[in-house]
There are 2 protein chains.
Amino acid sequence: MTAANRETVNRLSNYRKVLIKLKSLGFQKVFSDNLADALGVSAAQVRKDFSLFGLTGNKKGGYQVCYLIDKLNEILGKHEEQRIIIVGCGKLGNALMGHNRFVREGIKVVAGFDTDPAIIDPEARVPIHDLSTLPEFVAGEHVRIAIMTVPEGAANHVYEILLESDIRGILNFTPVQLKGNEHCVVHNVNLALEIENLFYFTK
Amino acid sequence: MTAANRETVNRLSNYRKVLIKLKSLGFQKVFSDNLADALGVSAAQVRKDFSLFGLTGNKKGGYQVCYLIDKLNEILGKHEEQRIIIVGCGKLGNALMGHNRFVREGIKVVAGFDTDPAIIDPEARVPIHDLSTLPEFVAGEHVRIAIMTVPEGAANHVYEILLESDIRGILNFTPVQLKGNEHCVVHNVNLALEIENLFYFTK
């Protein structure tokens, strides 16, 4: 793996999105300056990011749009559908199950998991299974990424179940800060923090 | 305003959370090393952040927990309830209306706004009003922060309404990347990007 950090990978995703739009406009070539403007970063940053991942262009001619998209798809694993599960199908989990932006980005929620019999529904469009069946499902369906939207009190228990399963990456919406380990990456999402941040910057 | 960036302010929020927990454990003093460990940053970073905001301690005795909490509350505007509105009360907007983590952090959703008569309900626990009444509501209730969870097609129109109102900060969940202006700060949230990022790091 290239020694990229989270911010770098986020920029790659954003370059890719801009490039797809440019391609749909008929663009064949693009300069680092243009991508820099679109993302609000410096052109030097764009060139540095690209060079880190071996993406080549030339100073006069710029970069080939299709070449960049292909390469970025490969790097980001976007040449195939990205399949995930959601653990905890309350209001937030349920909203994320139908999140349009996931569909648009080729991210498919293949199942939800819960412990509440009133919520479990294996016949639903996105089936909701009993939490106890998670390890088997994940192994059989080769799912590696999970979103955790369980109540705070269930967070540690569910985290242990996920760590013992084949899950390798977790997007954690619970208030319990999880650290991940060598087998499993955890990204903690805190929407309250985003709001607090806005309050600070609008004071 | 101190010249702090978004990451610095996020760290302040996180220091505050750790400090509140320490206080509840009876701690009266804390060292930068301990806060650094809790956040996974360096002790030098903690001291730099604190010094940027004029938070003082001494090398031998460390920082006073209560003093830090008071100061951070003041800096982050947490000495009073933080009131926000949600524009777009579909599944995601609705889930965020009842988001436990907001309540726990003293963030109160005072109203939702939508254009769908089937969703509008001024009598609900968190009232949902017609979008057309937003500017008046915001002015009257002195609300400055909005979450945007409208469909993509409505994003630009709603954004214009918010810009013309007294709203000064927006957390934008729509796929339309908004840039903000000198009167209004926009933070774009892209959960699909978080998922893509996890896929990269678990390849």
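Reader: Leaving aside its neighbours within four places in sequence, which residues is B:R16 in contact with?

Author: In this predicted model, B:R16 is in contact with A:E196, B:L72, B:N73, B:L76, B:K78 and B:E105, where contact means heavy atoms within 4.5 Å. Residues are numbered from 1 along each chain as its sequence is written, and chains are lettered from A in the order in which they are written. Local features need pLDDT of at least 70, and side-chain atom pairs count only at pLDDT 80 or more, whereas totals for chains, interfaces and linings use all residues; side-chain values use heavy atoms, without hydrogens and water.

Reader: What makes B:R16 count as buried or exposed?

Author: The term buried means under 20% relative accessible area, exposed means over 50%, and partly exposed lies in between (1.4 Å probe, protein chains only). B:R16 has 9% relative accessibility and therefore counts as buried. Its place is in helix 1 of chain B; helices are DSSP runs of H or I with at least four residues, and strands are runs of E with at least two, numbered from the N terminus.

Reader: Why is A:E80 called exposed?

Author: A:E80 has 55% relative accessibility, so it counts as exposed. A:E80 is found in the loop between helix 4 (65-76) and strand 3 (82-87) of chain A.

Reader: How is A:G54 classed, and why?

Author: At 46% relative accessibility, A:G54 is classed as partly exposed. This residue sits in the loop between helix 3 (43-52) and strand 2 (63-64) of chain A.

Reader: Why is helix 1 of chain B called roughly perpendicular to helix 3 of chain B?

Author: The axes of helix 1 (residues 6-24) and helix 3 (residues 43-52) of chain B cross at roughly 100° and come within 11 Å. Angles of 65 to 115 degrees count as roughly perpendicular, those under 35 as roughly parallel, those over 145 as roughly antiparallel and the rest as oblique, so the two helices are roughly perpendicular. The contact involves B:T8, B:R11 and B:Y15 of helix 1 of chain B and B:Q45, B:V46, B:D49, B:F50 and B:L52 of helix 3 of chain B.

Reader: How do you know that the two copies are related as by a two-fold rotation axis?

Author: A rotation of 180° with 0.0 Å of shift along its axis superposes chain A on chain B, with an RMSD of 0.0 Å. The two copies are therefore related as by a two-fold rotation axis.

Technical notes: Axes fitted to C-alpha atoms, helices over the stretch in contact; angles between N-to-C directions. Least-squares fit on C-alpha atoms with pLDDT ≥ 70 in both.
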